[in-house]
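Here is a short briefing on one structure. Look it over first, then read the points below.

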Amino acid sequence: MASKTRDKLIEVARQLFAQKGEENTTMNDIAVASEKGRRTIYTYFKNKREILNAVVKAESDKIVEKLIDIPRQPLPPEQKLINFIFIRFEIIKELVFRNGSLRAGFFRDIRKVDRARRATISKEASILKQILSEGVEKGVFRVRHIEETASVMILALQGMDVSYVRNSFAELGIEKLKLREYIKDFILNGIKA
């Protein structure tokens, strides 16, 4: 029961943050919308910052949940890698748009973006490491430092998140299917002759 109450408070807070923005949402707003007393909220969370952190963690967990099964798919490692990249992009896009007015915060407040990213980076890198390891074992990938390469790849992908969400690639004349092809070519073939 306690877990259900906490989860409800987190979801209600997420919705309110999305509708009104974090700054304009009060603890009282969360209490009223969740049909719980303020005392109940303070049983689970010390302050609004703690609720925001719980919302970020819950949203970050959704990313990992959707990526975790990719290494177990019956596909070649290179296809798993490309699936990981584009499924990840789509999940990020979905989460940004699902959270309404937080979209603006996503693009403006780098600290919030960074906090959200830190919540998943090691988990995402761990999943990616499994894919890279399989590729190395099968002789498909040539990666000497798998763990470090996975971390670097995640950071590189994070660098493209905003452009993907904003569809900046289309503004450059790059269609979604072509983007997939270009990223696949760049990652799998590199640029070395």
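Does Asn167 count as buried, partly exposed or exposed? At 41% relative accessibility, Asn167 counts as partly exposed. Buried means under 20% relative accessible area, exposed means over 50%, and partly exposed lies in between, with a 1.4 Å probe and protein chains only.

This is a predicted model, where local features need pLDDT of at least 70, side-chain atom pairs count only at pLDDT 80 or more, and totals for chains, interfaces and linings use all residues. Residues are numbered from 1 along each chain as its sequence is written, and side-chain values use heavy atoms, with hydrogens and water left out.

**Positive phi in loops**

- Asn167 sits in the loop between H9 and helix H10 (168–171). Helices are DSSP runs (H or I, at least four residues), numbered from the N terminus.
- Phi of Asn167 is positive, about 60°, although the residue is not a glycine.
- Glu35 also has a positive phi, near 60°, and is a residue other than glycine.
- The loop between helix H2 (27–34) and helix H3 (38–44) holds Glu35.
- Glu35 counts as exposed, because its relative accessibility is 70%.
- Most residues other than glycine have a negative phi.

**Helix H8 against helix H9**

- The axes of H8 (residues 121–137) and H9 (residues 146–166) come within 8 Å and cross at roughly 125°. Axes are lines fitted to C-alpha atoms, for helices over the stretch in contact, and angles run from 0 to 180 degrees between N-to-C directions.
- H8 and H9 are therefore oblique to each other. Angles under 35 degrees count as roughly parallel, over 145 as roughly antiparallel, 65 to 115 as roughly perpendicular, and the rest as oblique.
- On the H8 side, the contact includes Ile121, Leu128, Leu132 and Val136. On the H9 side, Ile146, Met153, Ile154 and Leu155 are among the residues involved. Contact means heavy atoms within 4.5 Å.
- By class, this contact has 10 nonpolar, four polar and three charged residues. Ala, Val, Leu, Ile, Met, Phe, Trp, Tyr, Cys and Pro count as nonpolar, Asp, Glu, Lys and Arg as charged, and the others, Gly among them, as polar.

- Arg14 is in helix H1 (residues 2–20). Arg14 counts as buried, because its relative accessibility is 7%.
- Not counting residues up to four places away in sequence, Arg14 touches Val55, Glu59, Arg98 and Asn99.
- Ser163 lies in H9. Ser163 counts as partly exposed, at 26% relative accessibility.
- Leaving aside neighbours within four places in sequence, Ser163 is in contact with Ser168 and Phe169.

Key:
Helix = DSSP H or I, 4+ residues; strand = E, 2+ residues; numbered from the N terminus.
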